[in-house]
Amino acid sequence: MSRFLHEKFAALEAYTPGEQPRDRQYIKLNTNESPYPPAPEVVEALNQTDVAELRLYSDPEGKDLKEKLAWYYGCKAENVFLSNGSDDILNFAFLAFGAQGAVFPRPSYSFYPVFAQLHGVPYREVPLKEDFSLDVDKLRGTGCFTVLANPNAPTGLAVGLDAIEKIVVSNPDQVVLVDEAYVDFGGESAAELIHRYPNLLVVMTYSKSRSMAGARLGFALGDRELIEDLEKLKFSTNPYNVNRLTLKLGAAAVDAAPYFVENAKRIMATRERIGVALQGLGFTFPDSKANFLFIRREGLPGETLYRKLKERGVLIRHFSDPALADYNRVTIGTEEEMGAFLKEVRAILEEEGLV
Ligand SMILES: *Cc1c(COP(=O)(O)O)cnc(C)c1O
């Protein structure tokens, strides 16, 4: 830290993204990317792009893409906000709506407390139950900005729309943000509720189900006035936060929706198969509605499994939070990748004398 940094950031602990090592080729099951490439329509749109266009700024309104997404989700373009990945939206939302503080469950996405600290938003974490399920009543009437990942990360558990609605209704004078990064893998989207509740903001991303993590595209759906608030902050920060190429490829991806829906189905089918195999090896995990499993094995510390798999060329995600020490989050890859993962897991269990 230099002596020039504002002292209010001295104690800020930045978010730690999943590792992206380059020392060798890994089977990468640690950052919940899709194992499948973007849609052929997206590749086609890229191939047809004239690179000379890059001399021009992108459309700061993102009008074409907003209209496509509005069509897809059954709302108007004025209900859509576009951003450079959905983390960007979370950042704006904590900045915009955190005046009375923030509440979110724990464990959940470990970026939420970082945004709260960054913006000086006091926050309270609501502990999940022993089995990681959400005590919905604890998120009702919080009297402040309320954030909920549904399905949750890193547990994979989802709550139904009835629960979301209860939370939203109980807090009419505060924004409730539902982070639906994983909703396409078996969750229930709250998108339709934005027409009824002006305090609901639904946040989605192209990074997971749409295979475009590297393009950096996220969007939020909500009441026109909520979206205007976010636009105000975006236009006060970086009006061109979504680049030209990404706007174009994002629109092509909406046209290719059946492709990503099909991929999500494949991933869900792989998730079920790998789950059965893992249970056979003594692993337990919450019922996942996401593209990952949050696994633990009696007698095998999470850190050991993580380290031994890495030595064998398979990356999974281990968390520094001591409460999660027994666990690892494993992204669902292709059938072949998961076959290779299982083979190494079996070998490690044998090595440890556990089978
Ligand atoms: C991956 C993820 C995001 C955001 O990803 P972006 O790549 O920034 O769109 C947001 N929330 C959760 C819970 C995630 O897992």
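Before selecting anything, note that axes here are lines fitted to C-alpha atoms, for helices over the stretch in contact, and that angles run from 0 to 180 degrees between N-to-C directions. Helices (H or I, at least four residues) and strands (E, at least two) are DSSP runs, numbered from the N terminus. The structure is a predicted model, in which local features need pLDDT of at least 70 and side-chain atom pairs count only at pLDDT 80 or more, while totals for chains, interfaces and linings use all residues. Residues are numbered from 1 along each chain as its sequence is written, and side-chain values use heavy atoms, with hydrogens and water left out.

**First stop: helices α1 and α7**

Select residues 40–47, which form helix α1, together with helix α7; the two pack at an angle of about 145 degrees, with their axes 8 Å apart. If you show side chains, you will find Glu41, Val42, Ala45 and Leu46 of α1 meeting Leu245, Lys248, Leu249, Ala252 and Ala253 of α7, where contact means heavy atoms within 4.5 Å.

Stay on α7, which spans residues 244–255, and pick out Thr246 within that helix. Thr246 is buried, with a relative accessible area of 4%; buried means under 20% relative accessible area, exposed over 50%, and partly exposed in between (1.4 Å probe, protein chains only). Leaving aside its neighbours within four places in sequence, Thr246 touches Ala215, Arg216 and Leu217.

**Second stop: the sheet of 7 strands**

Now colour the strands of the open sheet whose order is β2-β8-β7-β6-β5-β3-β4, a sheet of 7 strands with mixed pairing; two strands pair if DSSP finds at least two bridges between them. At its edges are β2 (80–83) and β4 (123–127), each of which pairs on one side only. From one strand to the next, the twist averages 20 degrees. Within this sheet, select β3 (residues 102–106) and β5 (residues 145–149), which pair in the parallel sense over 2 bridges, and look for Val103, which stands opposite Thr146 in β5.

Next, select the open sheet in which 3 strands follow the order β9-β10-β12 with antiparallel pairing. Here β9 (283–284) and β12 stand at the edges with a single partner strand each, so one side of each has no neighbour in the sheet. Strands β10 (residues 292–297) and β12 pair in the antiparallel sense over 5 bridges, and Arg296 stands opposite Tyr327 in β12.

Is β12 mostly buried or exposed? Of the 5 residues of β12 (residues 327–331), 5 are buried, so this strand is largely enclosed by the rest of the structure. Tyr327, Arg329 and Thr331 lie on one side, with Asn328 and Val330 on the other, and both faces are covered.

**Last stop: helices α9 and α10**

Finally, select α10, which lies across β9, β10 and β12 and runs at about 155 degrees to β12. The axes of α9 (residues 302–311) and α10 (residues 335–351) come within 10 Å and cross at roughly 120 degrees, and the crossing is right-handed. Show Leu305, Lys308 and Leu309 of α9 with Phe341, Glu344, Val345, Ile348 and Glu351 of α10, which make the contact.

Methods: A crossing is left-handed if the near helix is turned anticlockwise from the far one by less than a right angle, and right-handed if clockwise.
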